[in-house]
Amino acid sequence: MLVSQSSPYPANADAAASERALLERRARLLGPTYRAFYRNPTHLVRGSGVWLYDAQGRKFLDAYNNVASVGHCHPRVVEALSAQAATLNTHTRYLSEIILDYAEKLLGTVPAHLGHAMFTCTGSEANDLAIRIAQHSSGGTGVIITDFAYHGATIATAQLSPAAVGAKGVPAHHRTVSAPDTFRDHGRAAHDFAKNVAAAIEDMRTKGIKPAALLLDSAFSSDGIFFPDAAVMRQAADHVKEAGGIVIADEVQSGFGRLGQGMWGFANYGIEPDIVTMGKPIGDGHPIGAVLVRPQLVASFGSNTGYFNTFGGNPVAAAVGLAVLDVIDGEGLIENARNVGAYTSELLRALQGRHGAVADVRHNGLYFGVELTADGNEALAATKTSAVVEAMREDGVLISSCGPRGNVLKIRPPLPFARDNAEQLAETLDRALSNW
């Protein structure tokens, strides 16, 4: 196994002063809503593959940033971006072959009933557009989400993101349901997920609210990372469709081969979504998002409401998107996610056997949730989970945490993550947990 760095590079006085000045400038110019990761914020200046480098030249293993889906600064993606940017970049009201080439190739990765592609600049915009289409096509307003979901930063999507705005920030016409927690209460919440969706629909009806959609992140990324039983997920989707609503699969975090069983997370459950949304991993971090939709849902929407996004799906974005799909296919990244994900899971489960704090390890492909406990004390578990994240950062590996209790380690590396990277991750986590 590889041995990761055991301590940060020594910071000299000049470097420390420079970092303080940068933080002060950041606070002055960006204001208080911009929060930096980690107790000692990391000043990154370069990325390559699964590695990030700070201003002092220190190398960090990135086990968190799915935005750089095929790796930081992938040469093929950079080349495609640069070549198209040097040729033409404008919007979709002009004719362009490359956006059609990209739409055709992207639609080729999903079930045939999803026949139209609509492009945005972000995943938030994609989910916002999906909600607009759902409400227009269904005639309803109510959207069902999980109770600690995150779906974006627009007004509409923030209101459907209790992880960001809290339960009180969700409007009265929407409904939250418990995430399908496969760990607590012997997985009772996971078994009851479809029943809870049906109950939410019935509650809407009693209050005169027509259901519009069920909006699902296939990995329940903010809720704590869960992979529930496929039959239960199909039942939940069926309940919504029977009520006249539609199913939206938010694949911003779980898509593009991350789960190692195909391109899309929803396929793991055998669900046929009416709309699929995706965000920044679609372009390896370049600002592009997409909505793939049943054509009949946008026939009326297109003629009555319409949609135009000045630079959503511009030629540069299309070139980048094509390159990302080519890299995923050409480098076997879905198979890599499956194989390296399984190996990483073995290493993490071995840690569970050595550290009592590791209560559960959940994984699918290159997506992992490691739940930590502290003798039933949730506040202490959250504090210690944060300490583990900080210790790993100091030891040269970047991860984060998630879940309503803040006690789940969120591990979500770029897709080229290799076996030796997995070993470094596990060894670093082993050291961090040893100080628990």
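Author: In this predicted model, contact means heavy atoms within 4.5 Å, and buried means under 20% relative accessible area.

Reader: What covers the buried residues of α3?

Author: The buried residues of helix α3, which spans residues 97-107, are Ile98, Ile99, Tyr102, Ala103, Leu106 and Leu107. Their cover includes α2 (75-85), β4 (116-120), β9 (275-278), β10 (289-293) and α11 (315-330).

Reader: Why are the buried residues on the same side of α3?

Author: The residues in question are Ile98, Ile99, Tyr102, Ala103, Leu106 and Leu107. They lie on the same side of α3 because, around the axis, they cover an arc of only 160°.

Reader: Which exposed residues does the face of α3 turned away from its buried side carry?

Author: A residue counts as exposed when its relative accessible area is over 50%. On the face of α3 turned away from the buried side, the exposed residues are Glu97, Leu100 and Glu104.

Reader: How many residues of β10 are buried?

Author: Strand β10 is among the elements that cover the buried residues of α3. Both faces of β10 are themselves covered, with Gly289, Val291 and Val293 buried on one side and Ala290 and Leu292 buried on the other. The number of buried residues in β10 is therefore five of five.

Reader: Which residue in β10 is the bridge partner of Val276?

Author: Strand β10 runs antiparallel to β4, joined by five bridges, and Thr120 has Gly289 as its bridge partner in β10. Strands β9 and β10 also run antiparallel, and four bridges join them. The partner of Val276 in β10 is Leu292.

Methods
Residues are numbered from 1 along each chain as its sequence is written. This is a predicted model: local features need pLDDT of at least 70, side-chain atom pairs count only at pLDDT 80 or more; totals for chains, interfaces and linings use all residues. Side-chain values use heavy atoms; hydrogens and water are left out. Buried means under 20% relative accessible area, exposed over 50%, partly exposed in between (1.4 Å probe, protein chains only). Helices (H or I, at least four residues) and strands (E, at least two) are DSSP runs, numbered from the N terminus. The arc is that of the directions from the helix axis to the C-beta atoms. Two strands pair if DSSP finds at least two bridges between them.
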